[in-house]
Amino acid sequence: MKLLFFGPPGAGKGTQAKMVAEEFDVEHISTGDILREAVSKGTELGKKAKAIMDRGDLVPDEIMNGLVKEKLIELDSFILDGYPRTLEQALFLDRTLKELNKEIDAAVLIDVSEEEVVKRISNRRVCPKCGKVYNLITLKPKEDEKCDVCGTKIVQRDDDKEEVVRGRYKVYKANTEPVIEYYRKNNKIITVNGAQDVEEVTKELFNILRRFK
Ligand code: AMP
């Protein structure tokens, strides 16, 4: 199974990609998670990426392409979550997969409007220790603002603030919609309505994706 996951920030893309990866036992590669880990560890990559991510802009293509290629060489099954985000990245991915004799099965688009995204993201919290994601409306921790898994106080990511979210939605429209169009032309796009409950989206995805197992 080789899948791409697309959707605006806050569509639930990461949550769904994780569920699908677990259900079908494939590797989940989230470029956002890789970058955030690099930032928290203070690596060279993290130092380069931090200011860009805090502004809601995109990290340069060369950096992202190198990062992803390294992973793809090792894997026969994967979900790429958050990559490719520009046409340049999509073309690089195509070339890399050809070199490796691999091909994408489908590109999943989790579709959600800007207003829904803003409403959701401003309520999103994350555990700074184990990375578990919460939503103060739809996916509350059992105990007030504390992680269910490790008890750490959950926090708001810098790039989840409203003005940054609106900026990221614009960045998504400008950069990633052309990428989605590119995969649409290649008949790879599967669209799922991301405004449904989390569980509904997951159920629909499991049903649709079973055929690529
Ligand atoms: P995400 O968690 O996927 O929303 O990613 C968080 C941030 O990481 C984005 O707003 C970008 O700054 C950066 N990022 C993640 N993936 C990419 C990518 N493929 N290309 C460029 N920047 C990325």
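Is Arg-55 buried or exposed? Arg-55 is exposed, with a relative accessible area of 54%. For anyone who wants the cut-offs, exposed means over 50% relative accessible area, buried under 20%, and partly exposed in between, using a 1.4 Å probe and protein chains only.

Quick housekeeping. This is a predicted model, so local features need pLDDT of at least 70 and side-chain atom pairs count only at pLDDT 80 or more, while totals for chains, interfaces and linings use all residues. Residues are numbered from 1 along each chain as its sequence is written, and side-chain values use heavy atoms, with hydrogens and water left out.

Back to Arg-55, then. Its partner in a salt bridge is Asp-57, with the closest N and O atoms 3.0 Å apart. By salt bridge I mean a side-chain nitrogen of Lys or Arg within 4 Å of a carboxyl oxygen of Asp or Glu. Asp-57 itself is partly exposed, at 35% relative accessibility. Under that rule the count comes to 25 salt bridges.

Here's another one: Lys-50 pairs with Asp-54, and there the closest N and O atoms are 2.5 Å apart. These two sit 4 residues apart in helix H3, which means about one helical turn separates them. Helices, by the way, are DSSP runs of H or I with at least four residues, strands are runs of E with at least two, and both are numbered from the N terminus. Lys-50 is partly exposed at 35% relative accessibility, and Asp-54 is partly exposed at 31%.

Over in helix H7, residues 162-185, Lys-173 and Glu-177 are also 4 residues apart, so about one helical turn lies between them. Their salt bridge has its closest N and O atoms 3.6 Å apart. Lys-173 comes out partly exposed at 41% relative accessibility, and Glu-177 is partly exposed at 32%. And there's a network of salt bridges too, linking Arg-124, Arg-157, Asp-159, Asp-160 and Arg-168.

Arg-36 lies in H2 and is partly exposed, with a relative accessible area of 27%. Between Arg-36 and Lys-69 there are 33 residues of sequence separation and 18 Å in space, C-alpha to C-alpha.

After H2 comes Gly-42, with a positive phi near 70°.

Last stop, the second largest pocket. It holds about 170 Å³ of space. Its lining includes Asp-94, Lys-102, Tyr-183 and Lys-188. Helix H5, residues 87-99, gives the largest share of that lining, 3 residues.

Methods
On a 1 Å grid over the protein atoms alone, a cavity is a set of points where a 1.4 Å probe fits but cannot get out, and a pocket is an open set with protein on both sides within 12 Å along at least five of seven lines; lining residues have an atom within 4 Å of a point. Grid points are joined across faces, edges and corners, and a volume is the space filled by probe spheres set on the points.
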